[in-house]
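Subject: Structure handover

Hello,

Here is the structure I promised to pass on. Please open it and keep it beside this email as you read.

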Amino acid sequence: MSHDDLSQHPQHPQHPQHAQRPQHPAFPHDFSAGAYGHVPPPDDLGDVDHRFVFDFRSYDDLEDGQRWSTWLSVEPLCRGPEPLPDWVVTSQGAVDTELGVLKTGKEADVHLVERADPLDPAVGVVMAAKRYRSPEHRSFHRAASYTEGRSMKRSRDERAVKRKSTFGRQVAAGEWAVSEWGALVRLWNLGLPVPYPVQIDGTEILMEWITVVDEDGAVQTAPRLAQTRPSPELLAAYFEQLTDALATMVQNGVVHGDLSAYNILAAGERLVIIDLPQIVDLVGNLNAMGFLQRDCANICGWFRSRGLDVDEQELFAELMAHAF
């Protein structure tokens with residue numbers, strides 16, 4: 001291509017079409033090339049589209065025992081079922097603050113965590129954080145009988161768990177958390193009385209903190225059923241609630257597997273079932289019927305000790321009628 005031909009190329013600066021191109025506007029005389037560039041005075045924002053204006057607010061550094069909310073850092077399937085309760089905090093500026101240990105156990109500890117936005121005091125909630133223990137602690141009691149019939153996504157993980165290697169114990173801890181998370185979501189969607197599952201992050205499950213108000217007006221953790229002395233009328237109502245809950249569970253093919261008065265909370269006139277990592281499939285687990293019979297025996301034994309005339313065989317037969 002000759003020099004004359006090159007000048008006729010559309011990209012050449014001497015091409016005729018460049019003559020019609022508008023020139024860039026000149027920079028304002030008070031333009032600054034500093035760290036903040038040119039910032040117009042507040043009075044000059046009148047013509048700015050309101051969609052491009054936002055209120056910037058800075059947050060202080062976090063203190064010991066605090067972390068930024070993990071709500072947005074987990075995958076959507078690791079968040080609670082919708083519709084979300086009004087009390088769930090989803091603010092990106094929220095901070096999680098450790099309030100102390102609520103309960104310790106062989107496989108997991110339960111802590112209280114406050115999630116609140118420091119710049120919006122009205123937005124805040126206290127939740128229960130169940131954290132499964134690290135691999136160096138003992139694994140779940142009689143784990144094999146509960147996990148029969150379950151499958152893992154990766155065969156490598158399943159082999160590691162069976163070998164009880166360090167990696168296998170890590171996988172097992174995560175599996176128990178996932179199992180309880182799945183049970184909480186499933187039972188909540190069925191309308192059963194369980195804490196609302198807020199989110200799962202690794203081996204930590206954040207869930208609704210079940211509370212009662214004491215005589216002084218202070219909010220306290222709801223007591224376990226075993227710690228209560230209900231009136232005869234309330235005792236009968238409690239048993240009816242449990243019977244309905246167990247019937248719904250077996251209708252949907254699941255058994256609690258470790259139900260007793262120690263993992264049921266009495267929140268006033270209603271009961272809330274907790275501790276669900278060992279939930280078993282009624283059909284897929286050969287031990288399911290034995291677990292269900294034991295659940296019935298544990299529950300009926302406690303109610304009889306409080307004066308209610310109930311029989312575990314009758315309860316088991318009634319549940320079987322709902323199951324098949």
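Below is what was found in it, topic by topic.

**Ground rules**

This is a predicted model: local features need pLDDT of at least 70, side-chain atom pairs count only at pLDDT 80 or more, and totals for chains, interfaces and linings use all residues. Residues are numbered from 1 along each chain as its sequence is written, and side-chain values use heavy atoms, with hydrogens and water left out.

**The cores**

Start with the inside. In soluble globular proteins, nonpolar side chains tend to be buried together. Buried means under 20% relative accessible area, exposed means over 50%, and partly exposed is in between (1.4 Å probe, protein chains only). A nonpolar core is a set of buried Ala, Val, Leu, Ile, Met, Phe, Trp, Tyr and Cys residues joined through side-chain atoms within 4.5 Å.

The largest nonpolar core here has 54 residues. Leu-187, Leu-225, Phe-239, Leu-292, Phe-303 and Leu-319 have the most contacts inside it. Helix α5 (residues 232–251) gives the most to this core: nine residues. Helices (H or I, at least four residues) and strands (E, at least two) are DSSP runs, numbered from the N terminus. There is also a second, separate core of 11 residues. Val-88, Val-125, Ala-129 and Leu-206 are among its members.

Look at Leu-187. Contact means heavy atoms within 4.5 Å. Not counting residues up to four places away in sequence, Leu-187 touches Leu-192, Val-194, Met-249, Val-254, Leu-276 and Ile-279.

**Helix α6**

Helix α6 covers residues 288–305, which is 18 residues. The expected span of a helix is 1.5 Å times one less than its number of residues. For α6 that gives 26 Å, and the end C-alpha atoms are 26 Å apart, so the two agree.

Which residues of α6 are buried? They are Ala-288, Phe-291, Leu-292, Asp-295, Cys-296, Ile-299, Cys-300, Trp-302 and Phe-303. They cover an arc of only 160 degrees around the axis, so they sit on the same side of α6. The arc is that of the directions from the helix axis to the C-beta atoms.

Most residues other than glycine have a negative phi, and most peptide bonds are trans. Asp-275 is not a glycine, yet has a positive phi of about 55 degrees. Asp-275 lies in the loop between β11 (270–273) and β12 (280–281). Glu-82 and Pro-83 are joined by a cis peptide bond, with omega about 5 degrees. Pro-83 is in the loop between β1 (66–68) and β2 (95–104).

**Salt bridges**

A salt bridge is a side-chain nitrogen of Lys or Arg within 4 Å of a carboxyl oxygen of Asp or Glu. The structure holds 10 of them.

- Glu-204 and Arg-67 meet at 3.0 Å, N to O. This pair links distant parts of the chain, 137 residues apart: Glu-204 is in strand β6 (residues 204–208) and Arg-67 in strand β1. Glu-204 is buried, at 8% relative accessible area. Arg-67 is partly exposed, at 25%.
- Arg-115 and Asp-96 have their closest N and O atoms 2.7 Å apart. Arg-115 lies in strand β3 (residues 108–117) and Asp-96 in strand β2, so the pair ties together parts 19 residues apart in sequence. Arg-115 is buried, at 1%. Asp-96 is buried too, at 2%.
- Lys-130 and Asp-275 meet at 3.1 Å, N to O. Lys-130 is in strand β4 (residues 120–132), 145 residues from Asp-275. Both Lys-130 and Asp-275 are buried.

Salt bridges also link Arg-67, Asp-96, Glu-98, Arg-115, Arg-131 and Glu-204 in a network.

Asp-214 lies in the loop between β7 (211–213) and β8 (219–221). Asp-214 is partly exposed, at 29% relative accessible area. A polar atom of its side chain lies 2.7 Å from the backbone nitrogen of Ala-218.

Asn-263 sits in the loop between β9 (254–255) and β10 (264–267). Is Asn-263 buried or exposed? At 5% relative accessibility, Asn-263 counts as buried. Its side chain reaches the backbone oxygen of Asp-258 at 2.5 Å.

Best wishes

Definitions and conventions:
Polar contact = N/O pair within 3.5 Å; in protein donor to acceptor, adjacent residues only side chain to side chain.
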